[in-house]
Amino acid sequence: MSHKIQTLSGYIHEYQKSVLQPEVFWAQIGESFHWKKRWDKVLEWDFEGPDVKWFLNGKLNITENILDRHLFIMGDRPAIVWEPNEPDEEGVTLTYKELYAKVCQFSNAMKAQGVGKGDRVIIYMPMVPEAAIAMLACARIGAVHSVVFAGFSSSSLADRVNDCEAKMVLTSDGNFRGAKKIDVKGVVDEALENTSTVEKVIVYQRTGADIAMKAGRDIWWHDAIQGQSEECPAEVMDAEDMLFILYTSGSTGKPKGVVHTCGGYMVYSYYSFLNVFQYTPGDVYWCTADVGWITGHSYIVYGPLLAGATTVMFEGVPTYPHAGRFWEIVDKYQVNQFYTAPTAIRALQAHGLEPLEPYSLDSLKVIGSVGEPINEEAWHWYHDHVGKGNCPLVDTWWQTETGGIMISALAGVTPNKPAHAGLPLPGVQPVIVDADGNELKSNNVQGNLCVKFPWPGILRTTYGDHERCKQTYFSTYKGMYFTGDGAKRDHDGYLRILGRVDDVINVSGHRMGTAEVENAINEHPKVVESAVVGYPHEVKGQGIYAYVICDMEGRTEESLKNEIRQTVNKIIGPIAKPDKVQIVPGLPKTRSGKIMRRILRKVASGESDQLGDTSTLLNPEVVEAIIEGAVKD
Ligand code: 6R9
């Protein structure tokens with residue numbers, strides 16, 4: 001635990017070292033892990049390619065650093081504590097020893113079904129310990145996991161299976177989520193009708209739903225592990241071998257597969273976890289994310305388990321069966337670090353303080369926020385009523401592509417400022433640039449957020465399409481990684497993230513490409529054209545507003561709007577369903593035929609009195625009609 005920074009001067013010292021001697025700095029952190037062979041060189045990089053390699057020729061297996069390494073000293077300590085959807089169902093605690101046995105056993109089960117190093121495995125599962133076991137078992141045998149959030153539709157799932165040419169799918173019969181019982185296996189079956197690479201499907205029994213098992217393809221989890229040994233040698237992985245692919249939305253096209261590799265991701269997820277949350281051995285840590293998102297990867301599974309922490313996994317939702325469920329769980333397990341999203345805070349804030357009253361929350365030492373900018377009101381509510389005014393609130397800015405937290409306070413060590421992510425972690429060199437890519441070095445500036453030097457957790461490529469990686473992240477500003485976010489550096493030098501500057505919207509902390517939603521809407525046979533924008537939403541942060549040109553024949557406006565919502569639900573999943581649909585006679589276009597989204601955003605935000613110059617439009621007359629028909633709350 002020697003890499004835990006504990007004082008402000010310690011932070012400044014480490015930060016300076018990380019900038020002046022990055023290789024020395026990261027080598028020292030890398031040394032705290034077990035390597036099967038030490039690296040020859042710490043870093044090689046070129047942001048033009050891009051081509052970034054960390055810990056070159058180092059050999060390791062991340063699960064040895066999670067499991068084997070922890071067996072002797074803390075084998076009996078809880079690794080995963082699982083809280084089921086129903087409060088009266090008994091939870092599960094897995095010690096490091098038990099987790100080791102289960103991961104090895106499932107590794108052997110996957111091998112027996114023909115999966116090996118380099119094969120891609122899709123994980124489409126509920127929040128049960130087996131989801132983490134599945135991820136770790138893939139890592140143990142060198143298979144590349146790609147977790148798909150179990151709320152995505154069959155066609156989203158099929159796209160991901162096809163893009164990475166997955167050989168296996170790990171899933172469940174169904175999911176419990178709040179009062180709902182969700183079909184999972186049926187979605188997988190439908191998806192696999194449009195794919196050709198999957199040979200086997202392993203099905204974990206969770207709900208006991210009556211499902212179809214396809215002979216020769218589908219096998220129950222409990223049958224697959226039957227008779228398998230609880231020891232499994234860890235595959236030797238190169239530091240730059242792929243660990244996982246995680247699909248995320250961008251401003252164009254279909255979601256892309258962000259690739260993370262074994263060595264750098266291991267070092268970065270551990271280091272950032274330890275320092276941001278100031279984890280101390282014996283602490284109980286809980287992150288409420290789903291393992292389908294990067295937050296679940298780095299801060300439910302990999303980071304905490306690499307640090308030997310106890311990580312809580314919760315199957316359900318914040319408001320089921322009551323709006324105090326989160327706080328009940330905090331007290332039940334005596335959670336010390338609690339990490340959630342602003343959207344959850346705002347949703348709970350709306351229930352008032354009563355749901356908090358029965359709980360002491362005294363165990364909490366650190367509270368955290370992730371996924372979207374946290375507004376000041378939610379920040380104060382969280383800080384005052386959950387943290388009781390004496391827990392540091394870490395507002396952690398990062399992305400699927402960064403692998404781990406990049407800008408955040410280190411709890412209790414570096415200063416907290418409401419609604420500001422704050423200072424960069426050691427090893428992270430953020431810059432704010434103007435539209436021409438000039439670095440704005442002073443304080444009190446605002447612009448686009450880039451990073452000018454690699455850190456170990458940076459994405460290496462987008463799966464199967466390196467050019468797309470280059471175009472998306474490394475071409476806007478030469479020699480820099482472009483985040484897609486806007487940021488401001490205040491007079492004290494603290495960074496405040498302002499949100500996306502591209503056509504990505506952030507709905508309840510979930511990234512959504514406007515183009516992706518438009519493509520789904522356009523699948524409806526009556527739709528001629530559509531444009532989607534985000535607008536401020538009280539709970540979700542941003543809501544989805546769709547402007548649609550339709551052929552109305554044979555439909556009422558209401559029925560068509562519902563059909564459009566259902567189409568998006570079917571093609572992407574419920575999280576992408578537009579909150580508001582407006583049927584319009586036309587879309588405002590420039591003379592070159594581009595949709596003027598600026599105008600649509602203003603109307604959706606209720607600011608149609610601030611449209612600016614519309615005279616250059618090809619069809620200024622549609623603006624009036626759009627304003628008139630705007631959907632209000
Ligand atoms: C970890 C995660 C990334 C986008 C990112 C930004 C937004 C995340 C934030 C934040 C302000 C924070 N974002 N954390 N904005 N403050 N603390 O969420 O990854 O799903 O890839 O989303 O989320 O806009 O660019 P991901």
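In this predicted model, the second largest pocket is lined by 13 residues, and those nearest its centre are Asp159, Lys254, Glu516, Asn519 and Ile571. The volume of this pocket is about 260 Å³. Rolling a probe the size of a water molecule over the atoms shows where such empty space is left.

Two helices, α6 (residues 154–164) and α15 (residues 514–522), each contribute at least two residues to the lining of the second largest pocket. The largest share is that of α6, which provides four residues. By residue class, the lining of the second largest pocket consists of five charged, four polar and four nonpolar residues.

Elsewhere in the description, a sheet was examined. Strands of a sheet pair through backbone hydrogen bonds, and the pairing may be parallel or antiparallel. In the predicted model, four strands form an open sheet in the order β21-β22-β24-β25, and their pairing is antiparallel. The edges of this sheet are formed by β21 (residues 430–433) and β25 (residues 495–500), each of which pairs on one side only. From one strand to the next, the twist averages 45°.

Within this sheet, β22 (residues 445–451) pairs with β24 (residues 481–489) through six bridges, in the antiparallel sense.

Terms used: Residues are numbered from 1 along each chain as its sequence is written. This is a predicted model: local features need pLDDT of at least 70, side-chain atom pairs count only at pLDDT 80 or more; totals for chains, interfaces and linings use all residues. Side-chain values use heavy atoms; hydrogens and water are left out. On a 1 Å grid over the protein atoms alone, a cavity is a set of points where a 1.4 Å probe fits but cannot get out, and a pocket is an open set with protein on both sides within 12 Å along at least five of seven lines; lining residues have an atom within 4 Å of a point. Grid points are joined across faces, edges and corners, and a volume is the space filled by probe spheres set on the points. Ala, Val, Leu, Ile, Met, Phe, Trp, Tyr, Cys and Pro count as nonpolar, Asp, Glu, Lys and Arg as charged, and the others, Gly among them, as polar. Two strands pair if DSSP finds at least two bridges between them. Axes are lines fitted to C-alpha atoms, for helices over the stretch in contact, and angles run from 0 to 180 degrees between N-to-C directions.
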